[in-house]
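Let's take a walk along this chain and stop at a few spots where the backbone does something worth a look. Have the structure open and follow along.

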Amino acid sequence: MVKPQIKIPATYMRGGTSKGVIFKLEDLPEAAQVAGAMRDALLMRVIGSPDPYSKQIDGMGAATSSTSKTVIMANSRREGHDVDYLFGQVSIDKAFVDWSGNCGNLSAAIGPFAVANGYIDSRRIPENGVVEVRIWQANIEKTIVSYVPIVNGEVQELGDFELDGVTFPAAEVKLEFLNPADEGEDGGSMFPTGNVVDTLSVPDVGELQVTMINAGIPTIFVNANAIGYQGTELQDDINNDEKALAMFESIRAHGAIKMGLIQTLEEAKIRQHTPKVAFVSPAKSYVSSSGKAIDDTNIDLLVRALSMGKLHHAMMGTAAVAIGSAAAIPGTLVNLAAGGGDREMVEFGHPSGTLKVGAKAIQENGNWVIEKAIMSRSARILMEGWVRIPPPE
């Protein structure tokens, strides 16, 4: 007997240059309210994965790393926080959900969602103004503070804030990522090796100078010219080149081992979300993917980053935190590409345009600490109602 589909309350939202399906924990089937195979299977079916065609036609995904995303929201169980935010990056063509990191872009959607869905005491919400939402990012166990604009007692979604990589303007949502560095279980440096620059040996590539940092999301930075690039490349320059993609994946896998994230190269295949790989270059003029001219005098450096094996169309929010954090620490490849020295703010060029991110770095007991990283995004509800899927087995 054929069973009917089940339907689950859900909201489809854009956050920054990403979009995903957001669920309230209590709305999920009971078996999916806890981590495990049932939860993963449900989220994959919602998004339309695994799809050997890599199109996600039979689901809510849109066949890119920026759109194959899910979020589970709950009232926070952590003191001093309003909501718990759990992010699942769904693989497009493989059967797994990666829970190893955050999505910085969708972080911009969490505060507005929390306000709109009653997670915030109404007495804290002004008739007009800004409400502070304290978010516990459950994947990486870090605090994010979202400043949500309010008009007539409701979330302001529309406005004149422009974000390169997003076609239409919207209301600005300011984000603070508090102490975004992952110091590890022993409280060590955000640099896994203790160095701001390391030499990474990659077969068939050679020895590369890299900066490996755990801030926002584990990220491996390499100089563009060391791997044959200018730093001005757009998506098609990389994503249509299978040899280049294989090279970046090899850098990512070998870097992940050196960062202590995995033990074997084989493990990289089931940890696609982290670490990220990015290449940096001193500022150069170029034309973005939208045809916008970017002048080198208006930016500090160039950064291109890969996500889930492909060059990102703009910049991942968590990678932007890593960029801002690394730029604030003298001697990193990011800092040197930006001109070196002390800095608390950088504006960098990415394939879709530019982005400004700030970070404050201090030294404690010989280790670098990022007190907070700051950037602005926007968010908007695209659709709300129910998603329907076949009943999980």
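Asparagine 365 is exposed, with a relative accessible area of 82%. Keep in mind that this is a predicted model. Asparagine 365 sits in the loop that links strand 19 (353-364) to strand 20 (367-377), and its phi is positive, about 50 degrees, although the residue is not a glycine.

Now hop back to aspartate 204, another non-glycine with a positive phi, here about 70 degrees. You'll find aspartate 204 in the loop between strand 10 (198-202) and strand 11 (206-215). Aspartate 204 is exposed too, with a relative accessible area of 87%.

So much for the exposed loops; what about helix 2 (residues 107-116), is it enclosed or open? Of its 10 residues, 9 are buried, so helix 2 is largely enclosed by the rest of the structure. The buried set runs through Ser107, Ala108, Ala109, Ile110, Gly111, Pro112, Phe113, Ala114 and Val115. Just past the end of helix 2 comes glycine 118, with a positive phi of about 80 degrees.

Last stop: the cis peptide bonds. One joins serine 49 to proline 50, with omega near -5 degrees, and proline 50 belongs to the loop between helix 1 (37-47) and strand 3 (69-75). Further along, the bond from threonine 274 to proline 275 is also cis, with omega near -5 degrees. Proline 275 is in the loop that runs from helix 4 (242-258) to strand 13 (276-282).

Technical notes. Residues are numbered from 1 along each chain as its sequence is written. This is a predicted model: local features need pLDDT of at least 70, side-chain atom pairs count only at pLDDT 80 or more; totals for chains, interfaces and linings use all residues. Side-chain values use heavy atoms; hydrogens and water are left out. Buried means under 20% relative accessible area, exposed over 50%, partly exposed in between (1.4 Å probe, protein chains only). Helices (H or I, at least four residues) and strands (E, at least two) are DSSP runs, numbered from the N terminus.
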